[in-house]
Amino acid sequence: MTVKPVRAAIVAQALAVRLGLRAMLQSAENIVPIGEAASLDGGEIDLDEVDVLVVVGSSLAFGASLEEPERVLSRHIPAVLLLVEDPQSLALPDHPGTWGVLPLETSADELTAAVLALSQG
């Protein structure tokens, strides 16, 4: 039985962070990074192709506009994993779908496990 790989996209302002997350995700057997961008407002990621969107710093990744999160989240995104400094103080947006939150200091194993779990709903 062939397992369909999870298609993940990475959104982080810093190139080094995007490259590090890509390397972590590529090391997993069933995860394929299919795109990355500094923010979602540039159209560099085809959200219709993404199973799990990994976003670093929830507000920065959506761009400068306050309307940007609502516009982006109104599109089809099955699952979102937020990597933030203080997960305990984060209020998740009112958006249907699967959400996960991890601290920025998460390990490769934790990141992989979270992406795989979110892809399952």
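Just after helix H3, glycine 121 adopts a positive phi of about 90°, where helices (H or I, at least four residues) and strands (E, at least two) are DSSP runs numbered from the N terminus. The model is predicted, so that local features need pLDDT of at least 70 and side-chain atom pairs count only at pLDDT 80 or more, whereas totals for chains, interfaces and linings use all residues. Residues are numbered from 1 along each chain as its sequence is written, and side-chain values use heavy atoms, with hydrogens and water left out.

The mean pLDDT (the predictor's confidence in each residue, from 0 to 100) of the protein is 81, with 74% of its residues at 70 or more. Where pLDDT is low, the predicted coordinates should not be read in detail.

The buried residues (under 20% relative accessible area, with exposed over 50% and partly exposed in between; 1.4 Å probe, protein chains only) of H3 are Leu111, Thr112, Ala114, Val115 and Leu118. They lie on the same side of H3, because they cover an arc of only 165° around the axis, taken from the directions from the helix axis to the C-beta atoms.

Five of the six residues of strand S1 (residues 6-11) are buried, so S1 is largely enclosed by the rest of the structure. S1 runs parallel to strand S2 (residues 31-37), to which six bridges join it, pairing being assigned if DSSP finds at least two bridges between two strands; valine 11 stands opposite alanine 37 in S2.
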